[in-house]
Structures are given as C-alpha cells and as structure tokens.
Amino acid sequence: MNRKYRLSTALDVDDLLMECTSYAVQLANEKYNFDPPLTIYEQEHWGKHGTRIDVIFEFFNDPEFYRTQPVIKGAKEFVRKLAQMTEVYVCTAIPPEFMGIRAKRIMEEFPEIPADHIYMGSSKEKIHVDILFDDGMHNILDSNATYPVLMRRPWNKDATGMLSVNTYDEFLKVVECIADSYSTQPKQFSLDEPNIVVLVGPSGSGKSKIATQVLSKTDRFEKLMSYTTNDPTAVEKNEWYNYVPLEDFRQMCESGEMFQSTMYAGHGYGSKKADVEKILSSGKHVLTTMDICGAMSLKTNFKNVTTIYIKRDKKLLMSSILRKNSSIEDKVNRLIAIDSEKQNAEICDYVVKFSTYEEAVNQICQILDIK
C-alpha cells in the first residue's frame, strides 16, 4: 500500500545542526592552553568520567555559549533539502533558562523549520515521528520513532546494530530508501551497467560465507575488501577484511581515502572508493558485505547499488555469535544488536530468508541472474 501522508522527521540540534562538543573543546583549549590540545576523540562516552575532557561541561552553563554556537558546515543546506522531502521538527534537550536563546537561534538559522515544530526537552521518546535523527545513543534506543537514525560521533562508537550514518548526504539517502520502502513498485535488478551488490545483515547471519559461495558461481563479480581495526589475532579472521592499526585507519578516513567508515562494537570498519572504482573499471561488478551504514554510504557515493538483506532465524543468529572466537564483550554487543537490526530489512532492496546457506545462495543467484 502506498503511503498516504508525508514523512515526518525530528532533528537533534547539538552536534547535529550546531557545533557543541567541538565548540566546547575549542573554547577549553583557548582558555586553558592544554598540551597536547583536547580533541573530541577524548569524549569516548557521553557524560563526565573523571578525565580532563570533563572541563567542557563548564561551558554548557554559559548563555553566551548558546548564543555563539557555530552552525555545522552544510547544516543549512541539509535542512533545506530535508524540508522538501519530509516535515521537519526539532527536538532539543537544553537547560530551561537557555530555551529562549535556543529557539531564537533555530528560527534565525533554519527558517524552513516552523516555530511550532520546535520542541524543548530531554524526553525524546515522547516525540512520535517517522524518523528521529540524533547523535545520542540513548535517545535512539529509547525512541518511539519508526526509524531512529544515529549520527556517528566519537561518544557513540560502541553503538551496534542501529541504523546509523556519518554524513548529511547519507541520512538523506536513508530518507529516500524509507520513502521507497512504501512503494508498490518492486525493485528491478539489471546487470546491463556496472553494478554494486551489498549483502546486509546482523552478525551471525552468514553474509560473508554466502557472498563467498556466490562468487564461486560466477566470474562477473569481484569481492570488495573492506578495512577494520579489529585485531585478527584476537578474533576469528574474516577473509573480507584487511586489518589495519587504529592510527592508520583514522588517517585513511581523514585523508578522504575512505568513502565510508563506521564503528561496530568499538572497532573501525571502512571501505576505499578507489577499490570500488578499480573493480568497476575492470568491467566486473562489485560484491561486498557491509552493515546498513556502509550500504547507505555506497548508495550515496555510487550509482546502481543493490542492497540484499540476509534474514536468518534469531536462534541461529545467536548460536553463530556465541560460537565466534571473540571476547565476551564483543559477543554481548552483537547479541544486543540483533533486534535493532531487524528494521534494516525494510529499507533494503531485497530480503533473503533462508534455512540453509545453499538456499540463500540460490535465492541471491536468482536475483542477480547468475546461472
């Protein structure tokens, strides 16, 4: 059934539309001359933790901070585009004494957002919208939105399973995919042009094993290797990843080599644009496995991207995760993420549900027209 009403989206403000943590870090460095300078990467979890980064919280009690918060680069254009796609609301947590300053700034900087669409308060679970976009992991977990979407930041690096993005463009692509999910028109797959196929699914779904078996049945596709900081000596090695130290990974991200990067269970994962382009230029199609965040990055950066969600029985997922050669913490994070990942199936182009790997491979080969 086609959707009968326009999508609604609620946006956070701090660290999503306006600089907050980074601005407080800047002010703290200017005031106290830290050596080495503070960075936002030191805010690994939200709140005070008895480290030097706690100093930033003093600025959150200053009205001048809220009057002078810089708008994040690209935020105004992002809101303009989003307002053409959905109804836009703001839901922002701020001390009561500063609410007037915050409302005035929002109305000045983002005129596309009606004044009566601005909500103040920390209980974001009371806001009922189709999509919530926030950098607070607790807000995403508690949200009653149909599609809660997390903006990746250093303090939510341990988030697993939930729908997450790294940029405004990726979020807009998610909105497009959500809108498309209500369409009655089925996805039409074609290999007439260079194509990128990405298998998406929770940990334990067997997507890497399935992808390997699909590759063995055709020479028209080539594997796209990704990069991770997850130590191969501490976990079960995955042949779809190149393992790199955290410093090297961050350098590749900051240099622009990575077209997408994300954190999963505290580890970095990413892919290089040059690797994709190399495969496509050879005349072959790309096959890869990613989380939903990586899949949305692919759709943002390349044409002809097809997403296939690998849906497996929950008991089998749990059993597969528990058999992994990884830490207890890693297993717990992956188990917790199972239910959060279910909804990702709704925004993928195809869903493959299976009992055996052979069954999954046959379904994907049928989708991809692999004889």
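This is a predicted model: local features need pLDDT of at least 70, side-chain atom pairs count only at pLDDT 80 or more; totals for chains, interfaces and linings use all residues.

Mentor: Let us begin with contact, which means heavy atoms within 4.5 Å. Helices (H or I, at least four residues) and strands (E, at least two) are DSSP runs, numbered from the N terminus. What covers the buried residues of helix 7 then includes strand 7, strand 8 (221-223), strand 13 (285-290), strand 14 and helix 13 (357-367).

Trainee: Which residues of helix 7 are buried?

Mentor: Buried means under 20% relative accessible area, exposed over 50%, and partly exposed in between (1.4 Å probe, protein chains only). In helix 7 (residues 207-215), the buried residues are K207, S208, I210, A211, V214 and L215. These cover an arc of only 160° around the axis, so they are on the same side of helix 7; the arc is that of the directions from the helix axis to the C-beta atoms.

Trainee: How is the length of a helix judged, for instance that of helix 6?

Mentor: The expected span of a helix is 1.5 Å times one less than its number of residues. Helix 6 (residues 168-180) has 13 residues and reaches 18 Å from its first C-alpha to its last, close to the 18 Å expected. Its buried residues include Y168, F171, L172, V175 and I178.

Trainee: How is a sheet read, and in what order do the 5 strands of the open sheet stand?

Mentor: Two strands pair if DSSP finds at least two bridges between them. The 5 strands have the order 8-13-7-14-15, with parallel pairing. Strand 8 and strand 15 are the edge strands, each pairing on one side only. From one strand to the next, the twist averages 25°. For such angles, axes are lines fitted to C-alpha atoms, for helices over the stretch in contact, and angles run from 0 to 180 degrees between N-to-C directions. Helix 13 packs on this sheet, where it touches strand 7, strand 14 and strand 15, and its direction makes about 155° with that of strand 15.

Trainee: Is strand 14 largely enclosed or open, and why?

Mentor: Strand 14 (residues 305-311) is largely enclosed by the rest of the structure, because 6 of its 7 residues are buried. Strand 7 (residues 196-200) runs parallel to strand 14 and is joined to it by 5 bridges. Among the partners, V197 is paired with T306 and V198 with T307. A further 4 bridges join strand 14 to strand 15 (residues 350-353), again in parallel, with K311 paired to K353.

Trainee: What is the order of the open sheet of 6 strands?

Mentor: That sheet has the order 3-2-1-4-5-6, with parallel pairing. Its edge strands are strand 3 (118-120) and strand 6 (164-165), each of which pairs on one side only. Strand 5 (residues 147-151) and strand 6 run parallel, joined by 2 bridges, and M151 stands opposite V165. Helix 4 packs on the sheet, touching strand 2 (87-92) and strand 3, and its direction makes about 155° with that of strand 3.

Trainee: How many salt bridges does the structure hold?

Mentor: Side chains of opposite charge can pair when their charged atoms come close. A salt bridge is a side-chain nitrogen of Lys or Arg within 4 Å of a carboxyl oxygen of Asp or Glu, and the structure holds 12 of them. One of these joins K31 and E58 (2.9 Å, N to O). K31 lies in helix 1 (residues 21-32) and E58 in the loop between helix 1 and helix 2 (63-68), so the pair ties together parts that are 27 residues apart in sequence. K31 is partly exposed at 49% relative accessible area, and E58 is partly exposed at 33%.

Trainee: Where do R105 and E109 lie?

Mentor: Both lie in helix 4 (residues 99-109), 4 residues apart, about one turn of the helix. R105 counts as buried at 9% relative accessibility, and E109 counts as buried at 18%.

Key
Residues are numbered from 1 along each chain as its sequence is written. Side-chain values use heavy atoms; hydrogens and water are left out.
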